[in-house]
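Q: I am new to this structure and would be grateful for a close look at a single part of it. Please take the part in one connected account.

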Amino acid sequence: MSAVPNPGREDPLLSVRDLHKAFVRRAGLLSPAVRVAAVNGVAFDLPAAKTLALVGESGSGKSTTARLVLRLLAADRGTVLFGGIDWMGLAPRDLNARRREMGVVFQDPATSLDPRMSVEDIVGEPLVIHRLGSRVERRERVARLLSSVGLPASARSKGPHEFSGGQRQRIAIARALATEPRLVVLDEPVSALDVSVRAQVLNLLLDLQRDTPSRPAYLFIGHDLSVVRWVADRTAVMYLGRIVEEGPTEALFSRPRHPYTALLIASQPRRHPGEERATPRAPGEPPSPAAPPSGCPFHPRCPVARAVCSQEVPALLPDPAGAERSTACHAPLGN
Amino acid sequence: MSARPVPAASSLLSVRALTIAVPGPTGEQATVVDGVSFDVAPGEIVALVGESGCGKSLTGLALLDLVPPPVRIASGDVLFEGRDVRGLSPREKERLRGGGVGLVFQEPGSALDPVRTIGSELVGVLRRHRGLARREAREEAVRWLSRVALPDPERQMHALPQAMSGGMRQRAMLALALAGGPRLLVADEPTTALDVTIQAQILSLLLELRRELALAILLVTHDLGVVAEAADRALVMYAGEIVESASVPDLFDRPAHPYTRGLLASRPAAGEAGGGRRLPALAGTVPEPGLRPRGCAFEPRCPEAFGRCRAARPTLLPAGGASEAACFLADVPAKASR
């Protein structure tokens, strides 16, 4: 059973426990089927109106976790409490009625927006699906949404292909917020954007969280640590399907406890050429999720691994010093 | 119109007034690279940095006369070791690609033949460009795979590209691009598709290879972090033009063009949580090719623009030290930027 990351705090908006998902994959037509544990006992809490980031490299399971929470994928097991409701237990009918409480923005707005629809229909569609408001009210709501994401009123009759990448992401954000969700899942929302546009969209997300009456919480999936550090209140670091460290963003970045978190931070390109820094010595690559190592998934690359690390999977345990942090490591840094 | 100074005597590569055009929907030509000039010295790493659509990748391809039709080089010269690349015969061009100038892309999978083993590709390159016999070529191929730190190189000789991870494919691609003994490597977003821990490995491999082989590298990238990490000099492109040319320390310490300053400022601060604070963002977006303003292309987004910027287009002007910037304010000491 996974540890409860942060006991004793007020009820979170989203509470995930012991989440599991495996896929069956074949390398080729004649290769044997392999079971790949994409998400392996993930647990975290997200308080209302806050931002939790899930960070990790490809194959870490961060995007699969997001899809499980959204129920775009069915979990093998685990519980998700959303606003106190057993989200995984909802029957399809009830789920559809409640889907409006979760919005989602994907990485690439070029493929996630229907090119045959007008911007008005794209942004207003969730209102139609959930039968919210009259036709006139919906038109007004779409106009307010477009203005809140910084698009001109003239955008409504155009198609998404008439916009730049950054503007398309604004359209996707307007659509995600249409039904006033309490949670918005942001799956790499700025990764496909250019640097100058990325700052605009991050600012928009920060403004909307503060200024939208429903004060949405964000589950922010990302791989760029500087972006995550800027936007997230809490951060969970994933490696090979597991959360290896979770805590308040600033504490986690300034004093990483898990050697993998430390490696991720050290691997960031330096921000200034004059920055003196030891080159990270990170031998090898993350192992295939189809053939995970025994014990701690990070031990083959870990500079401080001990014998126990190849034998026992470390549990995600609260930091003995408190500070609302948890680490899954037999020999955490700073001890 | 830009003058055409003679290439610097020490330069390996000289690009002069390179202009690349794309036919628009109604047949008119839109200029996507506009009068770009720069040099690369032997052993130097020069970053060509800019956002999507700025013309950096087309500039890289033009060095090998590989601009994909209907895009075409409208004018300008590309001199590699003093020879005009565009004037070479097809056979000489073939020899240049891989022999004089190596090329790696963002997604190495797309540049590798999916049904050929890495070993067979490498042996082919070594026989073609280095004239090695089959047996020597095979031994040399294994050495190259080991040189780019592919684990178990003997076994990787028989690997197909799709059986490798992205990081391993990029290592194999580097071996292929370098085995022919080029003096210049054009690396177009070589780490953009890779995870950050693998990116760090590949960048340090590039620096090692440069040191050992005295290799010059033109590093085409959108990522200022990659520039800070690996380049000696940077050329910042905006809307088809070089707007700033500077040593990497100068670029970060005293950026001379308002666009460079905006790009640097819009990165989340290092080692800092936002705590709900907004980032200083550049307003607006890059102008479409063919819809560029008459004056400075950056003027509509520029916080420092004044009347002259709308009327005339600035060329690269001295901006203190060895820096140059295409800005009428280039020689005016900039406001504190960091």
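Which residues of helix 4 of chain A are buried?

A: This is a predicted model, in which local features need pLDDT of at least 70 and side-chain atom pairs count only at pLDDT 80 or more, while totals for chains, interfaces and linings use all residues. Residues are numbered from 1 along each chain as its sequence is written, and chains are lettered from A and ligands numbered from 1 in the order in which they are written.

The buried residues of helix 4 of chain A are A:V119, A:I122, A:V123, A:G124 and A:L127. A residue is buried if 20 or more other C-beta atoms, placed from the backbone, lie within 10 Å of its own. Helices are DSSP runs of H or I with at least four residues, numbered from the N terminus. Helix 5 and helix 6 of chain A are among the elements that cover these buried residues.

Consider helix 6 of chain A (residues 165-177) beside helix 4 of chain A (residues 119-129): their axes come within 7 Å and cross at roughly 30°. Because of this, helix 4 of chain A is roughly parallel to helix 6 of chain A (angles under 35 degrees count as such). The axes are lines fitted to C-alpha atoms over the stretch in contact, and angles run from 0 to 180 degrees between N-to-C directions. From helix 4 of chain A, A:V119, A:I122, A:V123 and A:P126 meet A:I171, A:A174 and A:R175 of helix 6 of chain A; contact requires C-beta atoms, placed from the backbone, within 7 Å. This contact has 6 nonpolar residues, no polar ones and 1 charged. Here Ala, Val, Leu, Ile, Met, Phe, Trp, Tyr, Cys and Pro count as nonpolar, Asp, Glu, Lys and Arg as charged, and the others, Gly among them, as polar.

Helix 5 of chain A (residues 135-148) packs against helix 4 of chain A at about 120°, with the axes 10 Å apart.

Finally, just after helix 4 of chain A, A:R131 takes a positive phi of about 50°.

Methods:
Helix = DSSP H or I, 4+ residues; strand = E, 2+ residues; numbered from the N terminus. Parallel < 35°, antiparallel > 145°, perpendicular 65-115°, else oblique. Contact = placed C-beta atoms within 7 Å. Buried ≥ 20, exposed ≤ 12 C-beta atoms within 10 Å, placed from the backbone.
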